[in-house]
Amino acid sequence: MLIAEPYRVKVVEPIKQTTREQRKRCIEEAGYNTFLLRSQDVYIDFLTDSGTSAMSDNQWAGMMLGDEAYAGSRNFLALEETVRRYYGFRYMVPTHQGRGAENLLSRLLIKPGDYIPGNMYFTTTRAHQELNGGVFVDVIIDEAHDATADLPFKGNVDLAKLESLIERVGEKNIPYISLAVTVNLAGGQPVSMANIRAVRNLAQQHGITVMFDATRCVENAYFIKEREAGYASKTIPEILLEMMSYADGCTMSGKKDCLVNIGGFLAMNDESLYQRACELIVLFEGMPSYGGLAGRDMEAMARGIVESLDYDYIAHRIAQVRYLGEKLRAAGVPIVEPIGGHAVFLDARRFLSHLSQDEFPAQTLAAHLYIEGGVRAMERGIVSAGRDERGKQHYPKLELVRLAIPRRVYTYAHLDVAAEAVIRLFRDRDEVPGLKMVYEPKLLRFFTARFAPIENEERAKVLMQERQLAQS
Ligand SMILES: *Cc1c(COP(=O)(O)O)cnc(C)c1O
């Protein structure tokens, strides 16, 4: 059954479709990297669900109540109180966004040579772990790396993998376990309460801290309510509080489940860790009572947290994502199963099965989806995976294109139009040529790397050879 939008539209932002010729030129100018497109050239923007949410009238009203004092702002106190109440952590420092919290956490807890187990890597999370001399170890269940495995909690930790890592490297060299709820790069897949509890128990036996990447914890809570025995009659806030009770703290990107355009926080229960965070944050973010945010930003985030826990909001959010996914699946388009919480992930390996991984199938698919329908998506494959500390290319099993749905922004009609573009492209998939990377930045390369179609590249080579022949 269709769940209609649990809100009315009060303000509109016009968007315009471009012509195919215009889009071809735009994507070429952007080096076939959807991150480098101008927003005004995009019709439906599924690049990310990060910072793209529509705020409510209540949040905008809160923006007017910004207390822009340098220290001790009342909006900070409101945010602190809200995080305590709904997330259950005693201490909290705001940060400008999630990676600000990841930077603090990694610097505070990781020493060179440490291992940080997690349920699949995330780009910025792993980058900060490595920057501090740590090694990320993936302990997610094997099925999470298989786009076709249909499991209710595909983000779960494989406890045997975690246990054998602890045995191999020793608990002293594991500063914390990093548990993402949900798992972005696995397709927005949730972790069950039973698995969270089991991770907690194992960690406790070894005296290891558990830190959540809580970025999409409300979506995770919804899946637990929907799928896990014993939780159907619990409320979303009750489930969230229980989830968080198994962690020692969390990093949070407010740009996702807190329904704001900017913001984040680092939360914890340990007082001495909090004190050290307060010392460090001054260097990187700002005072512990604002952490790189304006007072109004903190107020909007505090209100966003409350709104995010409303059942009607989260049920509609998940329903929209599922609607798009089911439409694509019905047309035979290969997607990651089951459909996750924040996005539909196209399986580029199966979609463009004529391309090898070195031809960047997901990058190619994202570029051509833009040409086809003005729909902007994001590569989550070999380009995002990057290289290890010795410069060796990571070859991830999953080669995905993420259609992330911004919260409270698009209607079902937009989802229909986007689905039609994907389906048209799927019909013409055999004609899509692969890409070659022509510029590769050192860190987090997916943001700014540039590509060119292999076709043109090869044509250029042939032309050059011909010219050399003519000159000799
Ligand atoms: C977005 C994200 C982050 C980083 O948060 P930013 O606010 O973008 O800095 C960390 N982890 C996950 C799972 C994310 O999706």
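Modeller: Let's start with helices α6 and α7, whose crossing is right-handed. Please keep in mind that this is a predicted model. Two packed helices are described by the angle between their axes and the distance between the axes. Helix α6 covers residues 159-169 and helix α7 covers residues 193-206; their axes are 11 Å apart and meet at an angle of about 15°. Angles under 35 degrees count as roughly parallel, so α6 is roughly parallel to α7.

Now look at the side of each helix that takes part. From α6, the contact uses L159, L162, E163 and I166, while α7 brings N195, A198, V199, L202 and H206. Sorted by class, the residues of this contact are six nonpolar, two polar and one charged.

Helix α7 also packs with helix α9, which spans residues 236-245. Here the angle is about 20° and the axes are 9 Å apart, so α7 is roughly parallel to α9 as well. The crossing of α7 and α9 is left-handed. To find the contact on your screen, pick out M193, I196 and R197 on α7, then I239, E242 and M243 on α9. Those residues divide into four nonpolar, no polar and two charged.

For a contrast, turn to helix α8, residues 217-227, and α12. Their axes are 10 Å apart, but the angle is about 85°. An angle of 65 to 115 degrees counts as roughly perpendicular, and therefore α8 and α12 are roughly perpendicular to each other. On the α8 side you will find V218, E219, Y222, F223, K225, E226 and R227, and they meet Y311, I314, A315, R317, I318 and R322 in α12. By class, this contact has seven nonpolar, no polar and six charged residues.

Most residues other than glycine have a negative phi, and most peptide bonds are trans. The peptide bond joining V181 and T182 is cis, with omega about -5°. Another cis peptide bond runs from E337 to P338, and its omega is near -10°. P338 belongs to the loop between α12 (311-330) and β9 (343-347). Then there is M120, in the loop between β3 (115-118) and α5 (123-131). M120 is not a glycine, yet its phi is positive, at about 75°.

Finally, have a look at the ligand. There are 14 residues around it, and those that come nearest are Q97, R99, D213, S253 and K256. An N or O atom in the Q97 side chain is 2.8 Å from an oxygen atom of the ligand. For N184, a polar side-chain atom lies 3.0 Å from a ligand oxygen atom. The side chain of R216 has an N or O atom 2.9 Å from an oxygen atom of the ligand.

Definitions and conventions:
Residues are numbered from 1 along each chain as its sequence is written. This is a predicted model: local features need pLDDT of at least 70, side-chain atom pairs count only at pLDDT 80 or more; totals for chains, interfaces and linings use all residues. Side-chain values use heavy atoms; hydrogens and water are left out. Axes are lines fitted to C-alpha atoms, for helices over the stretch in contact, and angles run from 0 to 180 degrees between N-to-C directions. Helices (H or I, at least four residues) and strands (E, at least two) are DSSP runs, numbered from the N terminus. Angles under 35 degrees count as roughly parallel, over 145 as roughly antiparallel, 65 to 115 as roughly perpendicular and the rest as oblique. A crossing is left-handed if the near helix is turned anticlockwise from the far one by less than a right angle, and right-handed if clockwise. Contact means heavy atoms within 4.5 Å. Ala, Val, Leu, Ile, Met, Phe, Trp, Tyr, Cys and Pro count as nonpolar, Asp, Glu, Lys and Arg as charged, and the others, Gly among them, as polar. A residue is near a molecule or strand if one of its heavy atoms lies within 4 Å of it. A polar contact is a pair of N or O atoms within 3.5 Å; within protein, one must be able to donate a hydrogen and the other to accept it, and residues adjacent in sequence count only if both atoms are side-chain atoms.
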